[in-house]
Amino acid sequence: MAKSGKKRTGWVAEELYFWHHTQNWAGLFEPGLSVQPGEHFENAETKRRFRNLVEASGFGRHLVPVRAAPADDEALMRVHPKSHIEHIEKVAASGGGDASELTPMGRSTADIARLAAGGVIAAVDAIVDGTVDNAYVLCRPPGHHAEPETAMGFCFYANAAIGVRHAQKRGLERIVTVDWDVHHGNGTETIFYDDADVLTISLHQDNLFPPDRGGIGDTGSGAGLGANLNIPLPPGSGGGAYRHAIEELVAPAIEAFKPDMIVLPCGFDASALDPLGTMMLSSSDFGWMAGRMAALADDLCGGRILATHEGGYSAVHVPFCGLAVLEALSGASSGVTDPYDAHITGYGGQDLQPHQAEAVAAARKAYAGGH
């Protein structure tokens, strides 16, 4: 595969993803006598506006549509026990509610969550079969916080992890996940913590969510010791900190691991406009990160790279961040100018700061010690 130029980028964006219902919770909490009903942070608007910008800009002509089918029990149970699947379906059958850990769901969520995981599976198949070079799955509900037996952080099934296990079933042995959601990718970490064939990397805001997860000392266990890399960055980190972390630590770790595929749990809540994080990334930063990962995939694993949509709660900014990632994966230009980009990149402190460099150096030292 050529290391430059346009790629065939798969695009999974099922209408039913936008129909997952998070009740009328107010932000994070269930309404009651003192909490007025409102709109949950994880609602359809950010993802729908992303899809709409792809269509309105005409960028869809650069993408290869890939259709999803619901994941069956066999696929889900490569990651989750049957009891977890039964719990999600029981809550849905009762009319919906809190699946656990402040993760609301509606009556249709169990089926739509299967379709989200199934979209990742379909994208993996398209890549392995050679129908596409890489792919983006606009899956909803998201997945990177889902533990094997617990729904949490708005996630029910671990979409990216299910995709990794399916890729291994299709013959790809060594997989890297690079999660740049502003929150730690705890579910993915837990699932592969003792697996030497899956390198899990998480760049996240230090101690944001889940509390006390994502520390630099968590480098894997047993056979997986040294196959988990956490890079908790200080609040207020901008493009300079993320680019430094990727060049100094993430890219060398991936190169040393020599993967057969790269999976990106792709959250956009490190955006400077996001209400659930305090980082300062622009759409250009997300585009750069995706482009750097795509270049690594070209060099190491035949260009095989798959992005799964995770967090991101700024309805006005997520569409531009997502489009920047699609441009990087496909090598095509949308012609769209992000009106927020110059504003965000003009913030003071966007360059790498000394305390941010120290945080990356500490993560590097801990990771080296975990090998």
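## Asn 159 and its surroundings

Asn 159 touches Ala 113, Ala 116, Ala 117, Val 120, Cys 139, Pro 141, Pro 142 and Gly 143, leaving out residues up to four places away in sequence. The model is a predicted one. Asn 159 belongs to helix α5, which covers residues 159–169. With a relative accessible area of 1%, Asn 159 is buried.

Tyr 17 sits in the loop between β1 and α1. Its relative accessible area is 0%, so Tyr 17 counts as buried. Neighbours within four places in sequence aside, the contacts of Tyr 17 are Val 12, Ala 68, Ile 112, Leu 115, Ala 116, Gly 119, Leu 138, Cys 139 and Arg 140.

## Helix α4

Helix α4 runs over residues 109–129. Just after α4 comes Gly 130, which has a positive phi of about 85 degrees.

## The sheet

Eight strands make up an open sheet, and their order is β2-β1-β5-β10-β9-β6-β7-β8, with parallel pairing. The edges are held by β2 (63–65) and β8 (228–233); each has a single partner strand, so one side of each lacks a neighbour in the sheet. On average, neighbouring strands are turned by 20 degrees against each other, direction ignored.

Helix α8, residues 283–300, packs on this sheet and touches β6 (175–179), β9 (261–266) and β10 (305–309). The direction of α8 makes about 165 degrees with that of β9. Elsewhere in the sheet, β1 and β5 pair in the parallel sense over four bridges. Trp 11 has Tyr 136 as its bridge partner in β5.

## Aromatic pairs

Six aromatic pairs turn up in a search of the whole structure. One of them joins Trp 11 and Phe 50 edge-to-face, with 5.5 Å centre to centre and 65 degrees between the planes. This pair links distant parts of the chain, since Trp 11 is in strand β1 (residues 9–12) and Phe 50 is in helix α1 (residues 45–56), 39 residues apart. Trp 11 is buried at a relative accessible area of 12%, and Phe 50 is buried at 0%.

Phe 50 also pairs with Tyr 136: the ring centres are 5.6 Å apart and the planes stand at 85 degrees, which makes the pair edge-to-face because an angle over 60 degrees counts as such. Phe 50 lies in helix α1 and Tyr 136 in strand β5 (residues 134–137), so this pair ties together parts that are 86 residues apart in sequence. Phe 50 and Tyr 136 are both buried. Ring pairs link Trp 11, Phe 50 and Tyr 136 into a cluster, and two of its members, Trp 11 and Tyr 136, are the bridge partners named above.

## A charge over a ring

Arg 174 has its charged end over the ring of Phe 257, at 3.8 Å from the ring centre.

Definitions and conventions. Residues numbered from 1 in each chain as written. Predicted model: local features only at pLDDT ≥ 70, side-chain atom pairs only at ≥ 80, totals over all residues. Heavy atoms only, no water. Phe/Tyr/Trp six-rings, centres within 6.5 Å; stacked < 30°, edge-to-face > 60°. Buried < 20%, exposed > 50% of the residue type's maximum accessible area, 1.4 Å probe, protein only. Lys NZ or Arg CZ within 6 Å of the ring centre and 35° of its normal. Pairing = 2+ DSSP bridges. Axes fitted to C-alpha atoms, helices over the stretch in contact; angles between N-to-C directions. Contact = heavy atoms within 4.5 Å. Expected span 1.5 Å × (residues − 1).
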